[in-house]
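Please look at the sequence and the structure before reading on.

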Amino acid sequence: MDALGVDRKDEAPWKRMSPEELEKQYLPSRWVVRLGPEEALRTYTQIGIEATRRARATRRSLLHVPYGDGEGEKLDIYFPDEMSEGLPFLVFFHGGYWQSGSKDESAFMVDPLTARGVTVVIVAYDIAPKGTLDQMVDQAARSIAFLQRRYPSNKGIFLCGHSAGAHLVAMMLLANWTKHGVTPHLKGFFLLSGVYDLEPLVYTSTNAPLHMTLEDARRNSPQLLLEVALPQPVDPTCPMLVVVGQHDSPEFHRQSREFYQTLCQRGWKATFEELHDVDHFEIIENLTQKDHALTQTILETIFQ
Ligand SMILES: Nc1ccccc1C(=O)C[C@H](N)C(=O)O
C-alpha cells in the first residue's frame, strides 16, 4: 500500500523500462512520423501563433483578462459574432509539459468554434520554473470559477486540454468548488493526448524544471486520485472524451486508456477515441480546421 492507500502492484509497464526507453516514451516529438522532432515542435508553435494572430484579427475578444492577482493569471476570451452571454463556453488549457507554451500561441480552435456560436477562452497559467504543479492546478480551478462568476448565464462550460493541459482539465474533476465559492456549470470534458499518472515523469528529464517529488506527482495524478475518490460533484451524464493519436507513444496510449477506464468505473459517460494517422501535435493543430473530425465531434458534443 502506498500513501494514498492504493494497493499498486508493481505491474506498471514503465517500471520495467530502461531509463532511455522511459525517456523516449515521454517525449511525444520522438514519435512523430511525418517530421523530425525539432520540426514537429516548430510546426506546432507556428500553427498556434498563426491561429492566434488570426483569432485576434478577426474575432471580437477580451485579451489578458486577469482571473487572479498573479502576473501570469490572465485569460483571453474570443466571442462569436452573435452577442449573448447565454452561450456555451469552451475553455482551453495548452500543453508543453507545464514548462512551455502560452495562451498567446494556443488559440487553435477559436476560428471554427466561434463561427458556430461558442465563446472560446484560452487560459494562461504559471509554467515551471515559476509555477509548481499544485499552483497550476489551483490556477486552472480559479480561472474556471472566475468565468462562471463573470458569465453566470452561460449555457455550459466545456473544458478542453492538450497534453499537460489535459492533465490540468482532468484535475478539475477533483476540484473543491466550495473553496472557490462557486460551482461552475461544467458540461463536458475534452482530454486530448494527456498524461494522468505523473509518477513515471519523475524519472525523466521532463521533471528537471518541475522538481516534482514522488509525493507531488501522486498528489497531482488524477489517475490515482480518482481510483480512491468519493463520488464526484461533476454530473455523471457529463460527456467526457478521452482522445489519443495513433502516433502517440505506447505509454501515452496506456495512460489515456487507463484513465478512460477509470472514468467509466466511476460512473461517468466517457468515450475513448484513437485518431487514425494523427500524432501528438496534429491532434491539436487539426482543431484549426472546421471540417476535421475532432472539431466536428467537439461541436456535436457541445450542441447535442
Ligand atoms: N512543446 C510541447 C507542446 C505541447 C506538447 C508537448 C510539447 C513538448 O515539447 C513535449 C516534449 N518536450 C517533446 O519533445 O515531445
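## Helices across the sheet

Helix 10 (residues 250-265) lies across strand 7 (239-245) and strand 8, at about 165° to strand 7. Helix 12 (residues 293-303) lies across strand 3 (89-93), strand 5 (157-162), strand 6 (186-192), strand 7 and strand 8, and runs at about 175° to strand 7. Helices (H or I, at least four residues) and strands (E, at least two) are DSSP runs, numbered from the N terminus. Axes are lines fitted to C-alpha atoms, for helices over the stretch in contact, and angles run from 0 to 180 degrees between N-to-C directions. Two residues are in contact if their C-beta atoms, placed from the backbone, lie within 7 Å.

The model is predicted: local features need pLDDT of at least 70, side-chain atom pairs count only at pLDDT 80 or more, and totals for chains, interfaces and linings use all residues. Residue numbers start from 1 along each chain as its sequence is written.

Eight strands make up an open sheet with mixed pairing, in the order 1-2-4-3-5-6-7-8. Strand 1 (60-66) and strand 8 (269-275) are the edge strands, each pairing on one side only. On average, neighbouring strands of this sheet are turned by 15° against each other, direction ignored. Two strands pair if DSSP finds at least two bridges between them.

Strand 2 (residues 74-79) and strand 4 (residues 119-123) run antiparallel and are joined by four bridges. In strand 4, I122 is the bridge partner of D76.

## The annotated site

UniProt, in an unreviewed entry, places the feature "active site" at S163, D248 and H280. These residues are spread over 118 residues of sequence but cluster in space, with a largest C-alpha distance of 10.6 Å. UniProt positions are given in the numbering used here, feature names are shortened, and annotations may be inferred rather than shown by experiment.

S163 lies in the loop between strand 5 and helix 5 (164-171). S163 counts as buried because it has 26 C-beta neighbours inside 10 Å; the cut-offs are 20 or more other C-beta atoms within 10 Å for buried, 12 or fewer for exposed, and partly exposed in between, with C-beta atoms placed from the backbone. H280, in the loop between strand 8 and helix 11 (282-285), is also buried, because it has 25 such neighbours inside 10 Å. Leaving aside neighbours within four places in sequence, the contacts of H280 include S163 and D248.
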